[in-house]
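Subject: Structure for you to look at

Hello,

Please find the structure we spoke about below, with the sequence. My notes on what was found in it follow.

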Amino acid sequence: MSTRREIPPAAVIAAGYLAGSSPFSNIIAWTVRGVDLRNVGTGTVSGSGLFYEAGLKPLLIGGILDVAKGSVGPLLAGKDRPDLAAAAGGAAVVGHNWSIFLKGAGGRGISPSMGALAVNGWQGSLILVAGVALGRSIRLTSVGALASYLGLIPAMRTMAGRDKSLAAGAVVIPMLVKRMAGNEPPPSGSRIRTSLTRLIFDQDTAPSRAWRDRKPGAS
């Protein structure tokens, strides 16, 4: 009887990171519109940037690829190495957020997180989707996403146990770090305030009262 030869852990982590680093949104934006997402809008290489620059169809294609790349490392790790699968999922998010192909630029990590959790704990993917949907319903997507990040680890621990909560933590930590780090260092005179604003709203300044008071669907 033959035994399956396992891929070495270092190779699994490296594959997860390199897959996560693949900047599909930027590649599609450049192919379709000749736009480098690092040079427009917020400078974030993400699905939202792709949508604003190229439209819905490119977003759907880029979104599928960004989700799928998060599953590469966990699939290579296999079900019998849950700790390695969790680390590989986290590596994909790190790669997406700080891509070696974009000189450290990247997105916010939610799409590859969904892909990683689709393998490591499908309940987590649903929690992230619910957070984004809630945020969109109140026109504060970043706040809804943050709520799902903060609730993900305890929810996975309760529903699915230690291994799944570890998988959740592996993707949540780089997402939170990226939100606070932003695309550039905060101003020296307001680092704490800017970091907290970034954590909550994923931008350097809080939305205006008029924007917060708008009802969903208002033009």
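The largest nonpolar core has 20 residues, and those with the most contacts inside it are Ile-110, Leu-128, Tyr-149, Leu-152, Val-171, Val-172 and Met-175. Five helices each supply at least two residues of this core: H6 (82-97), H7 (110-120), H8 (122-137), H9 (141-160) and H10 (162-181). Of these, H10 gives the most, with 7 residues. Please keep in mind throughout that this is a predicted model.

Setting aside residues up to four places away in sequence, Tyr-149 touches Ile-110, Leu-128, Val-172, Met-175, Leu-176 and Arg-179. There is also a second, separate core, made of 9 residues, and Ile-28, Val-35, Leu-37 and Leu-50 are among them.

As a general point, an α-helix has 3.6 residues a turn, so residues three or four places apart point the same way. After H2 comes Gly-34, with a positive phi near 70°.

Leu-60, for one, lies in H4.

Next, a residue in helix H6: Ala-88. Is Ala-88 buried or exposed? Its relative accessibility is 0%, so Ala-88 counts as buried. Apart from neighbours within four places in sequence, Ala-88 is in contact with Val-12, Ile-13, Gly-16, Gly-73 and Pro-74. Gly-70 is 18 residues from Ala-88 in sequence, and the two C-alpha atoms are 8.6 Å apart in space.

Now the charged pairs. In general, side chains of opposite charge can pair when their charged atoms come close. How many salt bridges does the structure hold? There are 6.

One of the salt bridges joins the side chains of Arg-81 and Glu-6, at 3.7 Å from N to O. This pair links distant parts of the chain, 75 residues apart: Arg-81 is in the loop between helix H5 (72-77) and H6, while Glu-6 is in the segment before helix H1 (9-21). Arg-81 has a relative accessibility of 13%, so it counts as buried. Glu-6, at 37% relative accessibility, counts as partly exposed.

Another salt bridge is formed by Asp-202 and Arg-108, whose closest N and O atoms are 2.9 Å apart. Asp-202 counts as partly exposed, because its relative accessibility is 24%. Arg-108 has a relative accessible area of 14% and is buried.

Arg-162 and Asp-163 also meet through their side chains in a salt bridge, at 2.8 Å from N to O. Arg-162 counts as partly exposed at 42% relative accessibility, and Asp-163 is partly exposed with a relative accessible area of 35%. These two residues and Asp-83 are linked in a network of salt bridges.

Last, Thr-194, which has its place in helix H11. At 6% relative accessibility, Thr-194 counts as buried. What does Thr-194 contact, leaving aside its neighbours within four places in sequence? The residues in contact with Thr-194 are Pro-186, Pro-187 and Asp-204.

Regards

Key:
Residues are numbered from 1 along each chain as its sequence is written. This is a predicted model: local features need pLDDT of at least 70, side-chain atom pairs count only at pLDDT 80 or more; totals for chains, interfaces and linings use all residues. Side-chain values use heavy atoms; hydrogens and water are left out. A nonpolar core is a set of buried Ala, Val, Leu, Ile, Met, Phe, Trp, Tyr and Cys residues joined through side-chain atoms within 4.5 Å. Buried means under 20% relative accessible area, exposed over 50%, partly exposed in between (1.4 Å probe, protein chains only). Helices (H or I, at least four residues) and strands (E, at least two) are DSSP runs, numbered from the N terminus. Contact means heavy atoms within 4.5 Å. A salt bridge is a side-chain nitrogen of Lys or Arg within 4 Å of a carboxyl oxygen of Asp or Glu.
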